[in-house]
Amino acid sequence: MVLQRLQKVIAEAGIASRRGAEKIIQEGRVTVDGNVVTKLGTKVDTFSNITVDGEPIERESLHTYLFYKPRGVVSTVKDDKGRKTVVDFFKDVPYRLYPIGRLDYDTSGLLLMTNDGELANLMMHPRNKVAKVYVAKIEGQLTPEEIKKLSSGVEIDHRKSSRAKVKVVRTDKKKKFQIVQLTIHEGHYHQVKRMFKTVGHQVIKLSRERYSFLTLESLVSGKYRELSHAEVDRLKHVN
């Protein structure tokens with residue numbers, strides 16, 4: 001459950017500025033679940049019933065999109081280097097969206113975009129261990145010993161990664177590369193690339209093909225689709 005400061009919720013509903021919302025609260029004009037609230041900093045959740053001067057506020061409806069992120073795009077709302085961001089693909093969507101987790105600048109594939117803080121927190125919390133399936137093109141060829149190491153977890157920054165599922169999809173001995181599917185349940189910085197580097201292989205190209213039960217089926221790079229209520233509910237109960 002995501003908690004937000006009451007004045008922020010009121011401001012985001014367009015009732016007043018953040019400072020104006022604080023004044024409204026202090027004047028006793030706000031109720032939360034039927035109780036008058038005058039204390040600044042009071043936190044409310046998604047399901048709290050909030051009124052201002054007796055009128056319920058209209059809170060932004062929740063939406064989540066499955067996005068096929070292209071390479072050469074950053075997974076942030078803004079970029080101080082002026083690079084294209086994932087938000088740039090959603091200019092026609094009337095909601096303030098942000099990515100759930102990140103994909104590297106040069107990594108393509110499945111990324112969820114949402115304004116549902118509860119869903120985002122659930123998906124990113126380590127205890128939920130959401131399965132993420134990547135397909136990597138790597139230099140060289142994994143040995144059975146290296147596959148065993150990846151499967152049991154490798155040490156990155158003095159911390160051992162969790163177990164991974166490794167599947168060799170294709171080997172090109174002539175061009176000296178291999179296509180490998182890697183399933184992990186973590187999302188640390190550059191994790192997939194660093195896992196392969198630990199066993200002596202450089203990642204040439206990387207894409208995330210699946211996130212939990214969701215896939216990129218029917219989507220092309222740079223396009224998105226909105227998740228159904230059933231899909232969002234399934235994500236929230238995936239573990």
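Among contacts in the protein (heavy atoms within 4.5 Å) between residues at least 6 apart in sequence, 61% join residues at least 24 apart. This is a predicted model, in which local features need pLDDT of at least 70 and side-chain atom pairs count only at pLDDT 80 or more, whereas totals for chains, interfaces and linings use all residues. Residues are numbered from 1 along each chain as its sequence is written, and side-chain values use heavy atoms, with hydrogens and water left out. The protein has six helices and 17 strands, taken as DSSP runs numbered from the N terminus (H or I of at least four residues for helices, E of at least two for strands).

**Overall dimensions and burial**

- Taken along the principal axes, the box filled by the C-alpha atoms of the protein is roughly 75 × 35 × 35 Å.
- Of the 239 residues in the protein, 43% are buried, where buried means under 20% relative accessible area, exposed means over 50%, and partly exposed lies in between (1.4 Å probe, protein chains only).

**Nonpolar cores**

- The largest nonpolar core has 28 residues, and those with the most contacts inside it are M113, L142, L150, L182, M195 and F196; such a core is a set of buried Ala, Val, Leu, Ile, Met, Phe, Trp, Tyr and Cys residues joined through side-chain atoms within 4.5 Å.
- Two or more residues of this core come from each of β7 (64–69), β9 (107–114), β10, β14 (177–184), α5 and β15.
- Apart from this core lies another, of 16 residues, which includes Y68, L110, L219 and L235.
- When residues up to four places away in sequence are not counted, M113 touches H63, T64, Y65, F67, V86, V87, F90, L97, Y98 and P99.

**Pockets**

- Rolling a probe the size of a water molecule over the atoms shows where empty space is left.
- A pocket is found on a 1 Å grid over the protein atoms alone, as an open set of points where a 1.4 Å probe fits, with protein on both sides within 12 Å along at least five of seven lines, and its lining residues have an atom within 4 Å of a point.
- The largest pocket holds about 730 Å³ of space, a volume being the space filled by probe spheres set on grid points that are joined across faces, edges and corners.
- Its lining consists of 33 residues, of which G101, R102, L103, G187 and H188 lie nearest the centre of the largest pocket.
- At least two lining residues of the largest pocket are supplied by each of α3 (117–124), β10 (132–139), α5 (191–198) and β15 (203–211).
- The lining of the largest pocket divides into 14 nonpolar, ten polar and nine charged residues, with Ala, Val, Leu, Ile, Met, Phe, Trp, Tyr, Cys and Pro counted as nonpolar, Asp, Glu, Lys and Arg as charged, and the others, Gly among them, as polar.
- The second largest pocket, with a volume of about 510 Å³, is lined by 19 residues, of which Q4, E12, E60, L62 and N115 lie nearest its centre.
- For the second largest pocket, α1 (6–12), β4 (43–45) and α3 each supply at least two lining residues, and the largest share, three residues, comes from α1.
- By class, seven nonpolar, four polar and eight charged residues form the lining of the second largest pocket.

**D104 and H190**

- D104 lies in the loop between β8 (98–99) and β9, and counts as buried at 19% relative accessibility.
- H190 is placed in the loop between β14 and α5, and is partly exposed with a relative accessible area of 27%.
- The side chains of D104 and H190 are joined by a polar contact of 2.7 Å, a polar contact being a pair of N or O atoms within 3.5 Å; within protein, one must be able to donate a hydrogen and the other to accept it, and residues adjacent in sequence count only if both atoms are side-chain atoms.
- Leaving aside neighbours within four places in sequence, D104 is in contact with K69, V73, H190 and K193.

- Although H190 is not a glycine, its phi is positive, at about 50°.
- H158 is a residue other than glycine with a positive phi near 65°; H158 is found in the loop between β11 (155–156) and β12 (159–160), and counts as exposed at 78% relative accessibility.

**T198 in helix α5**

- T198 is found in helix α5 and is partly exposed, with a relative accessible area of 41%.
- A polar atom of the T198 side chain lies 2.7 Å from the backbone oxygen of R194.
- Not counting residues up to four places away in sequence, T198 touches V154, E155 and I156.
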